[in-house]
Amino acid sequence: MIRTNFVLVQTDDQGRWAVPWRMPELPMPHLAAFAESALELDQFYSASPVCSPSRASVLTGRLPSAHGVHDWIVGSRHPETWPDHYLEGQATTPEVLARAGYQCALSGKWHLGDARTPAPGFEYWYAHRYGGSGYFDAPIWRDGEAVEEERYFTHAVTEQALDFLTTRDHDRPFYLQVNYTAPHHPWVDNHLPEHLAQVEGCDFDSVPREAPHPWTEARPEFREAFANPVPQLAGYAASLIAVDDGFGRILAELDRQGIADTTVVAWFSDNGFSCGHHGIWGKGNGTYPLNFYDNSVRVPCVVRIPGGVTGVSDELLSAASWHATICELAGVAPPRDAYSVSESFADVLTGTREVPNDVVAVVSEYGDGRMVTDGRYVLVLRRGGPDELYDNAEDPEQRRNLVDDPAMVDVKARLANSLADWFAKGERPGCSGQGRSVTGYGQLQPVSRGLPDDESYVQIPCVGLDGMH
């Protein structure tokens, strides 16, 4: 029996708008061609609008209030941290697949704790030392030693993924995570001339210029972007062009080996991003209060599976459902998990779903805030406020907060009940993000250590850490 292989390409801070069929200035021919032969999941939501929590949810099928990763992980750049493994004791997709005989590989960003040695389940391991950095001389682990990468980091991630594909055990099925740091900033003076040349002279008219949102934090890395967005947008685009080049090489290698027809290939982002949209540069922690605007939580996702359907699906889906979906496609039963919210969407990819989606809402959380959407309405509740309610059908840019509108009482109550149902299942004692001082400046310690919030989360910006989330 031929078993299904998996290649998951995960970008970092790619907005749903930042794909060539929505952003005409963005030349990404390989992704565009791939999308023509794949299925775009257009209502795909991250479990958190920031990287580490969302990535943990992809791998475990749990919400942040169950896996305990509440903010981006600062790691060893901070003197008060330890080399922790934040998902220790929690069954991840590569662990489950490895036990079933899969050869699992990572190339690129881990950002879920110490990456010096392979995380459980992985046999092949090329990892960034932290979670973000410049694209030249990037800090990596090589054979357990802290070194700087000589190659442009995006190319290095691609080349290591290709190295795995060519040196793997060809008698075993494989699972490959290709985790780029692109298009995460820095954007200026950090990308290759050949990629920048493809957008030279471009004004990026499709990207709005708006005054800063009232909640926007004056993060140093984004001040110049507000003042003059074109150089920043050029770097953002160039970083994605580099990923697209690598994606084309990976697809070509699958074709060369004759395994494209037995390999699931997915492209998605860990969370969304705004480049001036809604008056924000950033994601969930681009503002305070931490935000859940569509640009922060709704992500691009395109999937091609053997014998699968193509086109565009508007099924409402959570990125936390990747875990169950991959296990089903691999023919592997994941261990029972009382806190999992992962519901397989394999039938959406195969086109065999015969009844409407049972999922009536999906959720996202970040610190004290929790968001729920049914695809039309979006409700955001925060313990200390403010609360928000938007009608995406009538107000797709989410400008009019309807939370106090008497006509929306029933909608608000229905969504609030749905949100409560999700967390009744998806909240693990001692791991909840509610009532914690999550600021968006990073997590220092696992919640399992039981330290006070001011020792677990960065409370003010730290010198040297800006731009690393």
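Two strands are taken to pair if DSSP finds at least two bridges between them. Strands (E, at least two residues) are DSSP runs and are numbered from the N terminus. The model is a predicted one, in which local features need pLDDT of at least 70 and side-chain atom pairs count only at pLDDT 80 or more, while totals for chains, interfaces and linings use all residues. Residues are numbered from 1 along each chain as its sequence is written, and side-chain values use heavy atoms, with hydrogens and water left out.

Under these criteria, Ala 105 has Leu 176 of strand 7 as its bridge partner. Strand 3 (residues 103-108) runs parallel to strand 7, and six bridges join the two. Strand 7 is also paired with strand 1 (residues 5-11), again in the parallel sense, over five bridges; here Phe 6 stands opposite Tyr 175.

These pairings belong to an open sheet of 10 strands with mixed pairing, arranged in the order 6-5-4-3-7-1-8-11-2-12. Its edges are formed by strand 6 (145-148) and strand 12 (311-318), each of which pairs on one side only. On average, neighbouring strands of the sheet are turned by 20 degrees against each other, direction ignored; the axes are lines fitted to C-alpha atoms, and angles run from 0 to 180 degrees between N-to-C directions.

Strand 7 (residues 174-179) is mostly covered, six of its six residues being buried. In a regular strand the side chains alternate between the two faces of the sheet. In strand 7, Phe 174, Leu 176 and Val 178 point one way, whereas Tyr 175, Gln 177 and Asn 179 point the other way, and all are buried.

The cysteines were examined for disulfides, defined as pairs of cysteine sulfur atoms within 2.5 Å. A search of the whole structure finds zero disulfides. Cys 51 is accordingly in no disulfide, and the nearest cysteine sulfur, that of Cys 275, is 16 Å away. Cys 51 is buried, with a relative accessible area of 0%. For Cys 104, the closest cysteine sulfur is that of Cys 327, at 10 Å, which is too far for a bond. Cys 104 is likewise buried, with a relative accessible area of 0%.

How values were computed:
Helices (H or I, at least four residues) and strands (E, at least two) are DSSP runs, numbered from the N terminus. Buried means under 20% relative accessible area, exposed over 50%, partly exposed in between (1.4 Å probe, protein chains only).
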